[in-house]
Amino acid sequence: MKTLRRNCKRLAAVFTVLALMLCACGRQAEPERDWKAEAEAASVFCVSKEDCFLCGTDAGYSRQNNVGIVSLNTFAVMPVEINRYDHSGQLVEENTGAMQMRTFKNGDDGMTASVMLEPDRGIAHVSISLKGDTTLNLASAAAHLCPDCLAELAAQLHGSAGGVGVINFSTRRLYSLHESGSGFGAGDYYVHFDRDTQGGEISVLITYSPLRYDNEA
């Protein structure tokens with residue numbers, strides 16, 4: 001009986017999220033989606049804090065001082081390794097003397113990305129094709145987040161937010177690449193981005209820019 005009630009609750013949440021998304025898509029004069037309401041409806045799909053992608057005990061990349069491009073639907077991640085670490089987790093503090101190129105694909109239907117990395121300069125240029133991650137589905141995101149982290153993600157969303165963001169591994173914070181923004185600070189990093197809403201492309205410039213001076217005596 002409990003299982004039946006739980007399944008009915010999940011089905012009701014799915015229909016609520018779908019209805020909110022359809023209403024948002026159908027309103028031309030008022031295209032804003034109610035992300036808070038969607039998050040509340042999708043919270044039934046959330047995982048525990050122990051299993052949460054952000055605050056779980058095994059949340060990734062050993063708290064390295066790096067960022068990554070993340071699908072907010074599947075939480076597949078492409079690390080952008082401006083700071084390099086050895087196998088023991090120690091920071092490698094020496095120049096590479098080279099640029100690096102990497103590509104990433106989120107399954108058959110999700111985003112694809114390529115990064116041109118200049119670790120010696122602390123700069124990365126990322127090109128993203130949204131594809132199946134053009135739209136953010138909070139019910140899918142909830143399957144990887146605890147209720148608190150889902151609510152925190154929804155609180156920063158505006159307009160037609162897409163399904164791709166940036167994660168800071170050291171602080172375990174998510175940042176959405178939403179339409180109404182163009183840049184933000186992410187710990188020791190600054191992220192600037194331009195969205196081509198017609199073509200589903202995003203160009204991202206990531207710079208490593210920690211505080212220049214230590215104010216402690």
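**Entry 1**

I began with Ser129, which I found in strand S5, the stretch of residues 123-129. The model is a predicted one, and I kept that in mind throughout these entries. Is Ser129 buried or exposed? With a relative accessibility of 18%, Ser129 counts as buried, because the cut-off for that class is under 20% relative accessible area. I then looked up its distance to Thr112, which is 17 residues away along the chain, and the C-alpha atoms of Ser129 and Thr112 turned out to be 5.3 Å apart.

Next I followed S5 into its sheet, an open one of six strands that I read in the order S3-S4-S5-S10-S9-S8, with antiparallel pairing. Which strands stand at the edges? They are S3 and strand S8 (183-186), and each has a single partner strand, so one side of each lacks a neighbour in the sheet. From one strand to the next, the twist averages 20°.

Within this sheet I checked the pairing of strand S9 (residues 189-196) with strand S10 (residues 201-208), which run antiparallel and are joined by eight bridges. For Tyr190 I noted Thr207 as the bridge partner in S10.

**Entry 2: The four-stranded sheet**

I turned to the other open sheet on my list, which has four strands in the order S2-S1-S6-S7, again with antiparallel pairing. Here S2 and strand S7 (173-176) are the edge strands, and because each has a single partner strand, one side of each is left without a neighbour in the sheet. The strand-to-strand twist averages 25° in this case.

How many bridges join S1 to S2? I counted four between strand S1 (residues 67-71) and S2, and the two strands run antiparallel. Ile69 stands opposite Met78 in S2. The two strands form a hairpin with five residues between them, and in the turn I noted that Phe75 has a positive phi of about 60°.

I also looked at where the side chains of S2 point: Val77 and Pro79 face one way, Met78 and Val80 face the other way, and all of them are buried.

**Entry 3: The cysteines**

How many disulfides does the count come to, if the two sulfur atoms must lie within 2.5 Å? The count comes to zero disulfides. Cys55 is in no disulfide, and the nearest cysteine sulfur, that of Cys52, is 3.6 Å away. Cys55 counts as partly exposed, at 32% relative accessibility.

For Cys149 I found the closest cysteine sulfur in Cys146, at 3.6 Å, which is too far for a bond. Cys149 itself is buried, with a relative accessible area of 11%.

**Entry 4: A nonpolar patch**

Last, I looked at the surface, where Met99, Met101 and Met116 form a nonpolar patch with about 320 Å² of accessible area together. I placed Met99 in the loop between strand S2 (77-80) and strand S3 (100-105).

Notes. Residues numbered from 1 in each chain as written. Predicted model: local features only at pLDDT ≥ 70, side-chain atom pairs only at ≥ 80, totals over all residues. Heavy atoms only, no water. Patch = residues over 30% accessible without salt bridge, like charges linked within 9 Å, V, L, I, M, F, W, Y side chains within 5 Å. Areas by Shrake-Rupley, 256 points an atom, 1.4 Å probe, with all protein chains shown as cover. Salt bridge = Lys/Arg side-chain N within 4 Å of Asp/Glu carboxyl O. Buried < 20%, exposed > 50% of the residue type's maximum accessible area, 1.4 Å probe, protein only. Pairing = 2+ DSSP bridges. Disulfide = S-S within 2.5 Å. Axes fitted to C-alpha atoms, helices over the stretch in contact; angles between N-to-C directions.
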